[in-house]
Amino acid sequence: MTESRPIYPKPTTFDLSTFSSKDFIVKDFIEGLTEGSIPTNRRSVAGNHAFDPKPYIRTFEAALDRLKDLDETLSEKESELKEGVRRAEIDHTRTLSRLGDKFNSTLSEFQRLDNSISDGGGIAVRIGGQLEQLDRQRQRAEDARFLIQCYSEFSRGDTGRLERLRKKGGNDGAIRCAVVSRQLGLIVKRNEGVGTNPRTKELIETFSESLEQDLLKQFDDGYRRFRIDVMKDCAKVLHDFNGGASVVSNFLNQMDFFITAGKINAGEVTIDGVIEEKLSDPDETPPGLEFSLQSLVNEIRDVLKAESKTIKDVFPYPEQVLGTFLQRVFQQSLQQRLESVLDKTIELSPLAFLRTLQASRAAVISMAEDLKTHGLTEHPDPLSSSTTMVIDQNVEELFVPYLQDRGYIERERESLEQLYSGLLLKFTMFHDQKKKVQNLGVLDRFKKTRERAIEKVLESDLGKSQSEALSRIIGLDRKVGRDNHLSDVVISDRDGQLNVDFAKRMLKWLAEAVGRSLELSTAADTPKDVSAQLNILFEHIRTMYLDVALDTALDSSEATKGEPDLSYFLEIKPATQIMHLMFSFTNTALIPLAQTSLTTRREMVKLCNNTLASLEQKINTIIQKTINLVVTYLGTLLSKQKKQDFRPKDDEVSLTTLNTPTCLSVIAFLQKLHEVAVGSLDGSNLDHFLEEVGSGFQGILLDHLKKFQVNQAGAIMLSKDITKYHDFIDKWKIPGLKDGFELLHEIGNLFVIGPASLRDRMRDGVLAKVRPGHLKPYLVKREDYTSAGIEKIVLLRFHIACRILLTVR
């Protein structure tokens, strides 16, 4: 019997492994289901029949049923797994709780054990402390017993116990012997007068002195042989015995430095002649520090560096020993030499003293900074703060006597006043002789004071360097073997003139003083110092120099009978140059230094402004008075023109080839004026001055031409004079004078041209701008004014001008 086959194929079977495979693809899975749903016999002719969905429906229904079965199977497995996880978590939680309880129990046991151990350690520490206390009590009892035994023996005159300890006990024995000796001394002092045997006290003191001297002797032997270990032991014993003062003193006294320094300080200060000259000469660069003092500073630096290592190795408290060493070096050796050198330089001059003081302080400060950097007992580390304070304090105290209570700035004032007074002495004496008849008031008193100061310096017995330096500044030729007085000073006209080099030297000297004050004075005193120095500068350069020269120039600018001497006008150029230098220096170097004090700075600025305004006013007054003086004298020269100069006779016609004597004298004076002006002014000031003079000269020339009758030959001479004036003024190249002198030249031509050309000349060119009424006073002076009909020409020209004027209106 043949097995029957179904009409539709069985669907493809699948299970969970189908979906768990890594190669599972949904599309391939669906295609596999649909392929099994189409009968084989229909696949080849599928295109001839309509689509039959039933096989697909049955296949997909079967697949869905299978998927539901698989889903139920998976749900059951998932439930079983979740239940297993829940039971495992419960077991894990119980295990963690059980382990936590065990850990807490172990930790409690550990803490209890730790507390037990700590309590045991505290008990041990307390026991150790009690044992140490008992040991100290035992040691004190033994020391007290030993002390009582020693005191009893000393009372009987026996020092054997301490002697044996000192000789056989070594370093520790010497230390204990020193301590016992000091304690015995304290006992004797405490019980003095209460039944104490005087002999016991004397014996204890004798033993203590013997012990100290013995230790000092050992220290000396160790110092000579440079046995650091011996010196160290002795220093420690003596420090415990009496604080170590004796061993420190002994250590310092044995230094070769103090022996050598003492010999140097005992000698007389001798300064080389070249250095003396440079110290007192303000134009020379400061020569630096005096040789012996500089050598001492260098030696102090080297000794401190070398001995500080020994101090560190030997003494138990090296900083205290180093402090004592430093104080002795500064307050004895260095201070003595510094005082000797400064006392010597003050005999030379105030400037020599100030320069030496500045160089000394700079050298000492440099040495102090070098020592701080080196470290001394702290080498190679920087110096400790306490020793640094000791060095700074000693440096400060070294120069306090010279810098306190404004004494330093007063010496600067004295030095500058002496130098300035010496430099300006010839200038002052020249002007004093020139104005000795006049009452000079305050200026005179200043002069007398300065002269007395210079006289005192010259006639004093000061050192050679100062006298020669000051004499060179003054210009005094010193004579060997005779006294020198102000009467020996030879004065020339040049000494009474302003000198820019003098101002430069004075500013250079002041700049040195300002720089010195910045080094030597405190920052708080700087505004007051520069204000004082500014007053000194203005008192001399302004009051004693510029004001005197400008006042003299003002007096010289007054009108005189003869030709004015314009040499005074040459003072304007150096005056302006000196003012520029002075105020540039003030604004650049002095006023900025006073910025920390607004009040002082404001006063300095006010003083500068007032001084500048006053000097400028004087210079402007001199210029204006000179212009008036020149124009007045030009008028005087023109007034000497002879009436016949422009009306020569027939036999004088040949003279027409020359200029008149008046013209030549005017040109000569203008030439001198121009040379003086060019030497005194420049730029716009020169142009303005020449323009003012030229305008004034043009005005008096126009008036001058109205005063003379002119004939035909005289007209040529007049024209040549005017041409001469015109050509000379043109050389000044002042644009403002060009039109005026062209007009003057055309007016001069009116005297030369014939009557027929006169009308055209007045109608064209420069004269066309001039009203006929203004030209008439010149034309009237022509001899042919009436005979040639010039009067009618002027009247006609006047009527035409009036008509034009009325038409314009």
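1. A quick definition before anything else: a residue is buried when its relative accessible area is under 20%, exposed when it is over 50%, and partly exposed in between (1.4 Å probe, protein chains only). By that scale Asp 313, at 28% relative accessibility, is partly exposed.

2. Some ground rules. This is a predicted model, where local features need pLDDT of at least 70 and side-chain atom pairs count only at pLDDT 80 or more, while totals for chains, interfaces and linings use all residues. Residues are numbered from 1 along each chain as its sequence is written, and side-chain values use heavy atoms, with hydrogens and water left out.

3. On to the salt bridges (a side-chain nitrogen of Lys or Arg within 4 Å of a carboxyl oxygen of Asp or Glu). The whole structure has 22 of them. Helices here are DSSP runs (H or I, at least four residues), numbered from the N terminus.

4. Back to Asp 313: its side chain meets that of Lys 309 in a salt bridge, 3.2 Å from N to O. The two sit four residues apart in helix α12, so about one helical turn separates them. Lys 309 is exposed, at 55% relative accessibility.

5. Another bridge pairs Arg 301 with Asp 370, with the closest N and O atoms 3.0 Å apart. This one ties together distant parts of the chain: Arg 301 is in helix α12 (residues 291–314) and Asp 370 in helix α14 (residues 350–374), 69 residues apart. Arg 301 is buried at 15% relative accessibility, whereas Asp 370 is partly exposed at 27%.

6. Lys 618 and Asp 547 also form a salt bridge, their closest N and O atoms being 3.2 Å apart. Again distant parts of the chain are linked, with Lys 618 in helix α23 (residues 598–639) and Asp 547 in helix α21 (residues 526–556), 71 residues apart. Lys 618 is buried at 18% relative accessibility, and Asp 547 is buried at 10%.

7. Last, a helix pair worth a look. Helix α24 (residues 661–680) packs with helix α25 (residues 683–705) at an angle of about 160°, their axes 10 Å apart; axes are lines fitted to C-alpha atoms over the stretch in contact, and angles run from 0 to 180 degrees between N-to-C directions. That makes the two roughly antiparallel (the label for angles over 145 degrees). Residues in the contact (heavy atoms within 4.5 Å) include Leu 670 and His 674 of α24 and Phe 689 and Phe 697 of α25.

Notes: Parallel < 35°, antiparallel > 145°, perpendicular 65-115°, else oblique.
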